[in-house]
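The sequence and the model are shown first.

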Amino acid sequence: MTDAADVVIVGGGVIGSAVAFELVQRQVRVVLIDKGLPGRATSASAGGLWPLGEAVGLGCGVIYQKSRSNEEGAEESHPGVLPQEFQHFLVRSNSLFPELALRLRECSGVDIEYEPGAGLIFLIYEEAERHWVKELRASVPMADGVELLTPAEVHRIEPHLTSDLLGAALLSGEYQVNPMALAEGLKRSAIQGGAEFRPDTIVRHLERRGDRITGVVLDNDRISCHTVVNAAGAWAGQLAASVDIELPIIPVRGQVVLTVGLPSTLRGCLSTSACYLAQKAHGEVLIGSTTEKVGFDVSVTSQAITSMCRGAVRAVPMLRRVGVKRVWAGLRPGTPDELPILGDVPQVTGYCNAAGGFRTGIVASPLTGRIVAQSIVGETSDVPLDPYLCKRFSNRADSADL
Amino acid sequence: MIRRDVVIVGAGPAGLSAALTLAERGLRPTLIDENPAVGGQIYRQTVMTSGTGAIGPSSADGERGQQLRRRMGDVQDKIELLTDTMVWGIFGHKQVAVKCSDGWQMIQATHLMLATGAYEYVCPFPGWTLSGVMTPGGAQSMIKSMGVRPGKRVLVAGSGPFLLVVAGQLQEAGVEVVGVVEAVRRRDMLRHIGGLLACPAMLRQGWQYIRALKQNQVPLLWGHVVTRARGEGLIREVEIAPCDQQWRPVSVGRRTVEVDTLCVGYGFVPRSELASLSGCRMRYADELGGWIPEVDTNLQTSVDGVWVAGDGAGVAGSVVAEAEGTLVGLRILAELDQIKTPDLIRTEQRVRARLATLRRFRRALDQIYHVRAGLDDLATKETIVCRCEELTLEEVEAAAHFGGTTQRSLKVMTRLGMGPCQGRMCWPAMARRIACQTGKRQDAVGPISVRPPAVPLAIGDLLNESNSLAPHAAEALRVEV
Amino acid sequence: MKHPPTTPQPVPESGNTTSGPSIDTGNRRLPAATTGRQLVRFTFNGHEVEAFQGDSVAVALVAVDQRVLRWTARRGEPRALFCNMGICFDCLVEIDGCPGLRACCTRVTEGMSVRSQRGNAVWERDA
């Protein structure tokens, strides 16, 4: 075990592993540290690769928006649409998956279960929802990829859907992956490429000397390095705070329900105002999710379980008889504007954020890994990192004061 | 949400004793069990009418079971008995979620007692998934409860006095018991036999089991383990080998025996999932079978108002379970009524004294029979270690190579424990193996991370909160997908 | 799908009668074990089986020497009753169109149709 490296990455979820994967290809000596705390977001994700869906708010965003508007007592409005630049980021990242799947399989033997399917299908139950979709298509340039279907048309694609709907919005080309296998494949490939992996290891705090981050401090050990990458997910804010770096990450809990394995039932991923459903490669259907700000509490609640089950049965009635295998929760790393926080910070050198993946971490992971790695080695990238720098929050705060 | 003063989960010896203790003194406990009848595993009620339920030298168990049932008869209407009722989760603070006939119901308990018992520990070996390989307890309940023999030619193997009981029952039921294979070596057993003198009656009972086997010419092989089972789909034969003090099989002296059934078990593992879901602090106690909740001298856990008793709190057998159940009943009574009559104080003292004696006996028994590391050597790389997900040892070890050394990381990397059994069958053996190989302590390797639902239910079962606690109809088909 | 059901491994005839007419209940039951108990007829993979009130599906099948209950999803291996207390989930069968039920926890009822499960659960029709 080394006590010095070029780069130490704190956090071995999908983002940390993607950064490690990209760095070893650039001949950087990497130590990847992971504690494996309960509630890591990578393990609670459905693995939906929905760049357009998330970008226009029809994927997990619909649920988020609904619960947000319920909280604030606001009238239901447009689902959260992400900035156009980030929409492009997600689409570009998504396009990297086919090749990545092959590479990871070759490199590490891991099958990330990248499953092209019928696409992402948003079920329209109410007029208001149909109205949203129409408005989106009219106002958001990328949303012309959203096709409106009649009930008959959507049944041809998904025969097990309820007939009690007004129609659906189809986003073909939006697929899914196994998020845990993705992280595992990236991690193992990084290890094959020379990265050192320290499992079950917690970073107590970063090591700061003046305005330089010089390494990480573990329980009985320290590792010095040129750059520390903060990929600590929901805990990234805490890690940064350990050396007085501000990083506005808050945990946002998502509960999920997993069914027993069924033969192929859903051809695409489904999204409704109450839940989303994705049938995974082992036949299990993953139903999610909630968006709750409850700190680091990863327990599950009977209300969430009931509500997701109701949502699932409403969309796919045959699920009524299907067994529930397990219910658990993960903590998304939430940021104030729902965009990731990447790159350096003004206060110190030797530190790089790879944080705030919130609800797009999985689909964004390949490109995130790449541009963070490029930024660390000083390689020019055709994807700008500037919009995701942490300083955007203090800039806005400053301008708010004016 | 329904409220109840006392909710007891599990109607085996511990749960029953607690319920009876409370009911006999005027309280009205709610007693929940997933089975159609009370009695747990050991006092499984027989469906036979001809009274052939009590078979063999374990008639002492039969008597105790009858006693409990008689007491039940006396206070029947004072206990809210919910059989065929499953507790699928515990939420918030002692909110017990049960599955009912028309949905599910949440019960807010003031006092929650968990008496969920234990299940048998079988560690993986080649051929253990063949048809005809089962647990000794599985064979026992088939005979005692339904009068069906598990096979014609049976070998009983593993470790623990329970093997002697089951072998005797099989033999009395007319099954050809080709032998009992006990991992503990006779000399290691005799070395600790002094401790067993704490309970001469139990020691005598044990000796009676051994004598009965001798009289029926059933060979008892100390210091041997079953190293593999062979067959094509169905078991055809087993290989037995002598083992060392650590239960590690040696290469010489192996022999093959033809059987059509193998009953194999190496002790018991506490079912402590509900304690985990209740938020109790857990600890690993190898000699008591695995992960159990931390308790004080009153058997209250780290969560106020959550109590545990019986094998679910640490495997110690049915007699201890009864005493513990009685103790918890008395303690809950004291807390609810806040009256400490001299009679109650005396009763409690008696129960505690009995427990102290019993526990001395149990400690000696655990010293003799606790699981040894040599069993890890039985599985080969092709052996399936996760029965549900059909994972081989090789696949799990490959993950360990990439840092998979905790339950959580292995689950994520290999799906170990992602099957319907929720890791109950695979994790205890894998955890011991990993702890041994890495030198980590069990609490670093991790217990099974418990998540609802604790029992199988369908999505449809979770839609509606029911209005009543009506359980399923007892004899009808239980649709439990 | 990652793991389509594989071809089930063959199981020898002896000790596992998956074909043939009504199966003999004779030799596995203790003497007088069925006295006073009502006869219950159910089918296993289409073949009639005689059992008695109070039997679990798993034990009723052991009683007629029918031990293999299902074939696994990944390797197509035969599985039978193992723990007999509802913990191991090896004894999963399909009962009256509903898959994934534990045979050891389910009591036999008259006319029940029990089928072996091959691989992942298949539901006959929507709820």
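The model is predicted: local features need pLDDT of at least 70, side-chain atom pairs count only at pLDDT 80 or more, and totals for chains, interfaces and linings use all residues. Residues are numbered from 1 along each chain as its sequence is written, chains are lettered from A and ligands numbered from 1 in the order in which they are written, and side-chain values use heavy atoms, without hydrogens and water.

Over all chains there are 13 aromatic pairs (ring centres of Phe, Tyr or the six-membered ring of Trp within 6.5 Å; planes under 30 degrees apart are stacked, over 60 edge-to-face, the rest tilted). Two of them are listed here.

| Pair | Class | Centre to centre | Angle between planes |
|---|---|---|---|
| A:Trp50 and A:Tyr276 | edge-to-face | 5.6 Å | 80° |
| A:Phe86 and A:Phe89 | stacked | 5.5 Å | 25° |

A:Trp50 lies in the loop between β3 (48-49) and α2 (51-55) of chain A and A:Tyr276 in strand β14 (residues 276-279), so their pair ties together parts 226 residues apart in sequence. Helices (H or I, at least four residues) and strands (E, at least two) are DSSP runs, numbered from the N terminus. A:Trp50 is buried at 3% relative accessibility (buried is under 20%, exposed over 50%, partly exposed in between; 1.4 Å probe, protein chains only), and A:Tyr276 is buried at 5%.

A:Phe86 and A:Phe89 both belong to helix α4 (residues 84-94) of chain A, three residues apart, about one turn of the helix. A:Phe86 is buried at 1% and A:Phe89 at 3%. Together with A:Tyr388 they form one aromatic cluster.

The charged end of B:Arg387 sits over the ring of C:Phe82, 3.7 Å from its centre (NZ of Lys or CZ of Arg within 6 Å of the ring centre and within 35 degrees of the ring normal). That of C:Arg118 sits over the ring of C:Trp71, at 4.2 Å from the centre.
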